[in-house]
Amino acid sequence: MVSFATSLTKESIVDVEGVISVPDKLITGATQHVEIQVRKLYCISRAVPNLPFNIEDASQSKTEFKKAEESGEQLVRVGQDTKLNNRGLDLRTPANQAIFRVKSVGVNKGRQFLLSKNFVEIFTPKVIAGSSEGGAEVFKLDYKGKPACLAQSPQLHKQMTICGGFDRVFEVGPVFRAENSYTHRHLCEFVGLDIEMEIKEHYYEVCDIVEELFVEIFNHLNDNCCKELEVIKLQYPFQPIKYLPKRLTYDEGVRMLKEAGVEIEPMGDLSTEAEKKLGKLVSDKYNTDFFILTKFPLGIRPFYTMPCHDNSEYSNSFDVFLRGEEIISGSQRIHDPEMLTKRAEQCGIDVETISTYMDSFRNATRLHGGFGAGLERIVMLFCGLNNIRKCSLFPRDPQRLNPLNDPACLPMTILFLSFFSFHLIKP
């Protein structure tokens, strides 16, 4: 049996039968403080001898690399592309296991919160006739001889649901963006959390939901994912976020940036660098990494955004920031069909492609607003990670369509030695 056991390759699946015992010396190299006196050992699935990388190498932290360099030791570095090309193996690292458990717990807590606030979960189509956000960054496809595209968001359909008499709705589902953004925080496909709700008096009611929702999620993660967060910190050290909610207007944010010497284009959108700088300024002044910026210029918002009643150059809109990066964009929506048509045409949208959406408002609808959030970006920032691809099971970016680009990586889907099926005999 010893000869057989030593012939097993790393990451193979084994079935072990034995007796649990407590060793004389404390075990320090494992999560359990007991061991198994093996009676029987079966190989369920044997991994190939030459793995593309070792789990131990893929789990090394920057701290470990730094210590190794100082001592003259040479550690193996596993690049991000190598990991993603062998994602079935890469997901076995402790940090990756923890990241996706945190993501799952966060999504489910958000769902529970929204249901407790009388939201109804909906499921909208991802193949649509026209752009849902405006612009040309859509994945176009042929739909039985008709032009169509993948939805940039469930925006139009969730508004139509409000027109249909639902007070509050939300959806968790895939979102597609065809823009060529080669950055640490953009993906071509991500999981979106989208919300739409009736407004009674002011669009700040939507901001209230945002603050309640994410404070609830962050509290829950800190209380219930302590072990997972500690595991992530071992490989990717980070400081916990400070999330006392704070609201500022766009003009107040621009004023803070200008006072800090940052030039902003008049009535223009904030660059990534400006967002990060503003995040640092807000953190220093208000002791929070979580804030909302309201009342953006109308010209930089989607066509369905409601203009401010007292100044049409601005809009009833907002963005939410975490650690100096945008995680949410939202607004009050235009509910008047004539105004909506005019705005769509101004933004270069072919109104005919969204005619059913436009017609929904001709039957009258209530005041409403909502927002969309990318879950991968939220997890990335909450866990202080440096790249959004770490938070997507199988990332899709402008250069990556298949996580198994190299056919030689296919055998790596074989399962691994770290997971056991135990048949225990009491001592």
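# Briefing: core, rings and local backbone

Phe214 and Phe290 are both buried. They belong to a predicted model. The two rings form a tilted aromatic pair, with 6.4 Å centre to centre and 50° between the planes. Phe214 lies in helix H8 and Phe290 in strand S10, so this pair ties together parts that are 76 residues apart in sequence. Phe214 is also among the residues with the most contacts inside the largest nonpolar core.

**Aromatic pairs and cluster**

- The whole structure holds 11 aromatic pairs.
- A pair of aromatic rings is described by the distance of the centres and the angle of the planes.
- In the Phe214–Phe290 pair, H8 spans residues 204–224 and S10 spans residues 290–294.
- Tyr357 and Phe361 make an edge-to-face pair, at 5.1 Å centre to centre and 85° between the planes.
- Tyr357 counts as buried, at 1% relative accessibility.
- Phe361 also counts as buried, at 2%.
- One aromatic cluster is formed by Phe214, Phe218, Tyr243, Phe290 and Phe382.

**Charges over rings**

- Arg247 places its charged end over the ring of Tyr204, 5.3 Å from the ring's centre.
- Arg301 lies over the face of Phe296, with 4.6 Å to the ring centre.

**Nonpolar cores**

- In soluble globular proteins, nonpolar side chains tend to be buried together.
- Here the largest nonpolar core has 53 residues.
- The residues with the most contacts inside this core are Leu114, Leu213, Phe214, Phe218, Ile232, Phe318 and Ile328.
- H8 supplies the largest share of the core, 9 residues.
- What does Phe214 touch, not counting residues up to four places away in sequence? Its partners are Phe290, Ile328, Ala373 and Ile378.
- A second, separate core has 18 residues, including Tyr250, Leu257, Leu270 and Tyr314.

**A sheet of 3 strands**

- Strands of a sheet pair through backbone hydrogen bonds, either parallel or antiparallel.
- This open sheet has 3 strands in the order S4-S6-S5, and the pairing is antiparallel.
- Strands S4 (127–128) and S5 (140–143) stand at the edges.
- Each edge strand has a single partner strand, so one side of each is left without a neighbour in the sheet.
- S4 pairs with S6 (residues 146–150) in the antiparallel sense, over 2 bridges.
- Val127 stands opposite Leu150 in S6.

**Helix H7**

- The buried residues of H7 are Gln155, Leu156, Lys158, Gln159, Thr161, Ile162 and Cys163.
- The cover over these buried residues includes strands S7 (168–176) and S8 (189–198).
- Helix H13 (355–360) and strand S13 (368–374) are also part of that cover.

- Most residues other than glycine have a negative phi, and most peptide bonds are trans.
- Glu11 has a positive phi of about 75°, although it is not a glycine.
- Glu11 is found in the loop between helix H1 (2–6) and strand S1 (13–21).
- Is Glu11 buried or exposed? Glu11 is buried, with a relative accessible area of 9%.
- Met267 also has a positive phi, near 60°.
- The loop that holds Met267 runs between helix H10 (250–259) and helix H11 (272–286).
- Met267 counts as partly exposed, at 32% relative accessibility.

**Cysteines**

- How many disulfides does the count come to? The count is 0.
- Cys347 has its closest cysteine sulfur in Cys308, at 16 Å, which is too far for a bond.
- Cys347 counts as partly exposed, at 33% relative accessibility.
- Cys43 counts as partly exposed too, at 25%.
- Cys163, in H7, is buried.

Definitions and conventions: Residues numbered from 1 in each chain as written. Predicted model: local features only at pLDDT ≥ 70, side-chain atom pairs only at ≥ 80, totals over all residues. Heavy atoms only, no water. Phe/Tyr/Trp six-rings, centres within 6.5 Å; stacked < 30°, edge-to-face > 60°. Helix = DSSP H or I, 4+ residues; strand = E, 2+ residues; numbered from the N terminus. Buried < 20%, exposed > 50% of the residue type's maximum accessible area, 1.4 Å probe, protein only. Lys NZ or Arg CZ within 6 Å of the ring centre and 35° of its normal. Pairing = 2+ DSSP bridges. Core = buried A, V, L, I, M, F, W, Y, C linked by side-chain atoms within 4.5 Å. Contact = heavy atoms within 4.5 Å. Disulfide = S-S within 2.5 Å.
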